[in-house]
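Dear colleague,

Please find below the structure for your review. My notes on its aromatic side chains follow.

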Amino acid sequence: MVEIVIYTLKIAVLSTLIAALIGIPLAFFTARRTFHGRRFILSLSAIPLCIPPLIIALGYVSFFGMNGTVNNLAKSLFHLQDSPFKFLYSLRGIVIAQGFYNFPLITGVLSAAWKQLPREEENAARLLGTSEPRIFITITLKQLSGAIAAACIPVFLFCFFSFMIVLLFSPVGKSTIEVEIYHSIRTTLDIKNGAILAILETLLSLSFVAIYSFICRKSQTNSNGISFSKNPAYKLCRFPYQTKGQKLLEGTTFTILLLAVSLFLLCPGLAILLNSQFSRIFKDKIFFQALKNTIWIGLSTSSGCCFISFIYSALVKMNKKEGSIFLQTLPLIPMAISSVVLAWCMSMIFHHGNPALLIFMEIFLYWPIAYRQIQNGMNRLSPDICNAARLLSKNKLDAILRVYLPSCKKVIFTAFGLCFAVSAGDSTLPLVLSIPRFNTLAYYTYKLAGAYRFKQACASGSVLTVLCCIIFALCRTNRWQKKPS
């Protein structure tokens with residue numbers, strides 16, 4: 001058991017480290033430099049939100065697998081019999097896949113924080129002759145420390161609870177806590193071992209969530225504020241305070257990062273599309289049933305998440321309880337609960353899984369995603385608006401419907417799109433619940449991959465990705481809302 005815990009923590013730490021090594025430099029370039037493709041790099045932050053990890057796993061199998069694009073190309077060029085690249089089904093494959101899948105989250109969070117940093121201290125240090133590396137280490141890095149921790153801890157939790165990528169890529173004899181719990185309750189039927197691991201995993205994750213909550217509160221209270229002066233972004237390798245060597249290092253670093261992102265994120269995504277065999281799945285009735293189930297389950301889950309999150313945020317705002325540690329920590333608790341453990345507990349209580357139970361569990365697990373978006377919208381409301389709503393409204397419901405709801409409409413749509421994408425891409429809960437004669441696209445894709453029908457799995461995964469991206473894009477742009485005439 002100790003070996004399983006150590007292996008789980010090792011995967012989570014190394015995956016987070018890779019995500020940080022890629023995400024932090026790219027956050028610097030997108031925040032402080034201008035170049036062609038900057039918006040595209042920032043748009044990658046939507047990948048972990050609207051593309052399920054199962055799809056990333058399929059992409060790596062299609063591109064780096066034993067019969068993937070890279071190995072087939074190497075065998076044809078060098079006339080080899082065996083596949084030369086075998087790193088995928090190992091610890092290296094897991095951490096590379098998870099690291100490159102999650103780095104856009106760190107880039108997105110840090111880029112926004114980096115833009116808002118006041119530059120007065122940096123400029124004063126330059127006037128005193130301090131070198132750029134020392135300014136970065138002693139001033140910039142210190143100012144960003146809270147944002148870096150706040151961005152890395154959720155990524156660590158995602159990797160700690162990783163299920164599909166580990167299930168597909170973990171070598172024989174190696175297992176994480178999440179995968180071992182699943183095997184204990186589904187394969188070996190060792191309920192005692194599964195219960196011990198579930199308790200241990202929950203205690204560990206609760207400690208990580210407590211640290212995350214503490215860092216978020218501390219970074220808010222100790223914030224240095226934002227800069228209201230104009231902070232220009234210089235062209236790549238054109239920063240006036242750099243030496244020629246530093247400019248060369250900057251250009252080289254940027255090129256290496258782009259090549260790494262292209263190789264380990266964009267190419268696997270392209271490989272899914274190139275290896276898709278749509279004709280077979282479009283003839284399968286189960287595919288269309290899975291598509292229908294995915295849509296209505298996703299819509300139901302998203303609606304429930306947004307409703308609960310909006311009501312909770314509005315009541316906290318109206319009652320001026322934003323400073324309550326308990327109320328701010330409560331929405332973080334589902335982040336500490338494993339979907340495998342929750343599904344196992346629910347199946348023990350209700351004995352048989354059903355779609356209603358699936359929706360209930362997804363709402364419980366995913367409403368914090370909606371809450372973070374809606375809370376940001378609530379925080380933007382000025383005190384004058386809130387005071388006017390309390391004074392002029394008949395009751396709290398009237399204030400919510402006439403003031404808070406219209407003001408937060410945009411973030412509610414964004415939260416809806418995020419929750420839909422996460423729900424549609426969830427294959428873990430349907431797998432553990434084992435609902436009779438019920439499939440979602442994610443679960444259907446997993447079963448195709450498990451049956452080594454990778455071309456059909458890639459096609460199903462492509463449809464799932466397109467569906468999630470369309471809903472996510474529509475919600476982000478609010479294209480279905482009528483424009484005022």
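Lys447 is placed over the face of Tyr443, 4.8 Å from the ring centre; a charge sits over a ring if NZ of Lys or CZ of Arg is within 6 Å of the ring centre and within 35 degrees of the ring normal.

This is a predicted model, in which local features need pLDDT of at least 70 and side-chain atom pairs count only at pLDDT 80 or more, while totals for chains, interfaces and linings use all residues. Residues are numbered from 1 along each chain as its sequence is written, and side-chain values use heavy atoms, with hydrogens and water left out.

The whole structure contains 26 aromatic pairs (rings of Phe, Tyr and Trp, the last by its six-membered ring, with centres within 6.5 Å; planes under 30 degrees apart are stacked, over 60 edge-to-face, the rest tilted). One of them joins Phe163 and Tyr182 edge-to-face, at 5.4 Å centre to centre and 80 degrees between the planes. Phe163 lies in the loop between helix 8 (132-160) and helix 9 (164-169) and Tyr182 in helix 10 (residues 177-186), so this pair ties together parts that are 19 residues apart in sequence. Helices are DSSP runs (H or I, at least four residues), numbered from the N terminus. Phe163 is buried at 4% relative accessible area, and Tyr182 is buried at 13% (buried means under 20%, with a 1.4 Å probe and protein chains only).

A tilted pair is formed by Phe287 and Tyr444, with 6.2 Å centre to centre and 50 degrees between the planes. Phe287 belongs to helix 14 (residues 285-318) and Tyr444 to helix 22 (residues 441-450), so the pair ties together parts that are 157 residues apart in sequence. Both Phe287 and Tyr444 are buried.

Yours sincerely

Methods. Helices (H or I, at least four residues) and strands (E, at least two) are DSSP runs, numbered from the N terminus. Buried means under 20% relative accessible area, exposed over 50%, partly exposed in between (1.4 Å probe, protein chains only).
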